[in-house]
Amino acid sequence: MCGIAGFLDKTRRGSAGATLLKMLTALGCRGPDSAGVAIYGSGAGDVLKLRIKLGERGAFEEKGRKVAEQLRECGMIKESSVTGAYLHALLEPRVSARDVERFIESLAPGLEVVSLGRRLEIVKQVGSPQDLEAAYGISRFRGTHGIGHTRLCTESRVDLSHSQPFWAHGAPDLATAHNGHITNYHTLRRRYEQHGVRFYTENDSEVIGVYLADQCSKGMALEEAMKASLKDLDGSFSYVVATADALGFVKDPFALKPLIVAENDAFVAIATEEIAIRAAFGSEADAREAQARELKLWRA
Amino acid sequence: MASMTCDGRPTREINAEIKRLLAEGHAEIVVKNPAARHNLAVGVVQPCTLIFEGSVGYYCGGMIDGPHVEIKGSAGWGLAESMMNGRVVVHGNAGNAAAAAIRGGSVIIHGDAAARAGIAIKGGVVLIEGNCGYMAGFMGQKGVLVVCGDAGEAFADSMYETICFVGGRADDLGNDAVVATPTDADVTFLSELMVRHGVKKHVKEFKKIVSGRKLWNFDKREWKTWSEAL
């Protein structure tokens, strides 16, 4: 099971948060374990937005304040705030994403950079989309596009880190959400780990972002990397992918997992079930099931 | 004619209301705002007309015997699955495994169908006005599958006695699918079918695809055929 959703607002009204909440609420029954969104808001030049996981559940103000202080001492931080399990910070990008991440993780145990990018912000946690809204008010997140996920855990742990969407660590603004099962996950993971890539979870879906980031770092355009993933990823998958300026989807060669696409002049909506599209947009835009091996990337 | 809405109601309640209205003697029911809910009008076994004003989710019209179901939107996976008799018409597109394993009646899709349309049909007629996806007609046992547009990959794979017709491209046939010449009776059947169901797409000529019957009986001397098929 699992539910995935993608939304691109062509009118640029910035309603990504509210729309994704409606879509995910409709998909809630497909994934009662956890819910999350990756939303692309407005950026401010090169300033990087960070969302750092302080702990699994609950309030972590004290810990968050200490981490923010340490970042401030290094002269990296511009602004910070703590909400729930997250420290939200704006950073001057003087070093690479990987170095920022390594530095932050060295500050205290249990810290994890959940998202990093000029526009990307990921918020996810154990619980329903309504719980996510109650904790973080995701409907108020402004953005031109975004992706979301409701998780029915089949193998790995149920916690914040294992929830989706996943940020592709090291690649600013690249996020993925997946429904299905990557059966060559362990082979791929071993290969990446031999090259020094760190995996943050035991969730097979994490490898999709790692794969796309790796292909892009070797010079592939995102769309080419998505095409190559049809060959290199095994198993059942429908996944959505987003960057600072694009939203796309890929469906596996056997069409084993559902994925509905609806597009008109105002928006692009992608969802595991049409129920999400009707919940967010009423009768607007015809829906169609994506075909096997189909992929598409829209510019935001 | 009776009318009802799905607003704020769970599937079980909607289906119970449909059956209650039928028991009261209404022959035609308009169901408003289905909003892509699953399992609507499953297991209705009496002649009637059910009109869904909007999209439906999975398994709409599954296991029905007799009704005419009309969907003024699109349909999710397993449309009319295992239908015994009746007619299911979708004005939009259909998801995977449309008309899977139907035994009779007709399923008309005016838009496109996704993967595995008409899989394992045991009778009846499936008519797709647009294109169909991967592996349509797989393991078809009887009945007819008509695709006015293009057929997807591995079309008509490993069939028994289902007969397929394709109006557009059919260049990726499945295992043991062979091209046959349509008979005069086939041409008459197709033109009547198109007129009856108001298919507007103009098709000059249909290709007929049937089973080559090579996979019907196992023969170890045909090792290559079998290793490819399996």
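The legends below describe close-up views of a predicted model.

**View 1. The open sheet of chain B.** Eleven strands of chain B form an open sheet with mixed pairing, in the order β1-β2-β3-β4-β5-β6-β7-β8-β9-β11-β10. Strands β1 (2–5) and β10 (177–180) of chain B stand at its edges, and because each has a single partner strand, one side of each is left without a neighbour in the sheet. On average, and with direction ignored, neighbouring strands of this sheet are turned by 15 degrees against each other.

**View 2. Strands β8 and β9 of chain B with helix α2.** Strand β8 (residues 142–147) of chain B pairs in the parallel sense with strand β9 (residues 163–166) of chain B over four bridges, and B:Val144 has B:Ile163 in β9(B) as its bridge partner. Helix α2 (residues 184–196) of chain B lies across β7 (122–128), β8, β9 and β11 (207–211) of chain B, and runs at about 60 degrees to β7(B).

**View 3. A tilted aromatic pair in chain A.** The ring centres of A:Phe249 and A:Trp298 are 6.0 Å apart with the planes at 35 degrees, so the pair is tilted. Since A:Phe249 belongs to strand β12 (residues 246–251) of chain A and A:Trp298 to strand β16 (residues 295–299) of chain A, the pair ties together parts that are 49 residues apart in sequence. Both A:Phe249 and A:Trp298 are buried.

View 4. With ring centres 3.9 Å apart and planes at 10 degrees, A:Phe267 and A:Phe281 are stacked. A:Phe267 counts as buried at 4% relative accessibility, as does A:Phe281 at 11%. Together with A:Phe7, A:Phe267 and A:Phe281 form one aromatic cluster.

Conventions. Residues are numbered from 1 along each chain as its sequence is written. Chains are lettered from A and ligands numbered from 1 in the order in which they are written. This is a predicted model: local features need pLDDT of at least 70, side-chain atom pairs count only at pLDDT 80 or more; totals for chains, interfaces and linings use all residues. Side-chain values use heavy atoms; hydrogens and water are left out. Two strands pair if DSSP finds at least two bridges between them. Helices (H or I, at least four residues) and strands (E, at least two) are DSSP runs, numbered from the N terminus. Axes are lines fitted to C-alpha atoms, for helices over the stretch in contact, and angles run from 0 to 180 degrees between N-to-C directions. Contact means heavy atoms within 4.5 Å. Rings of Phe, Tyr and Trp (its six-membered ring) pair if their centres lie within 6.5 Å; planes under 30 degrees apart count as stacked, over 60 as edge-to-face and the rest as tilted. Buried means under 20% relative accessible area, exposed over 50%, partly exposed in between (1.4 Å probe, protein chains only).
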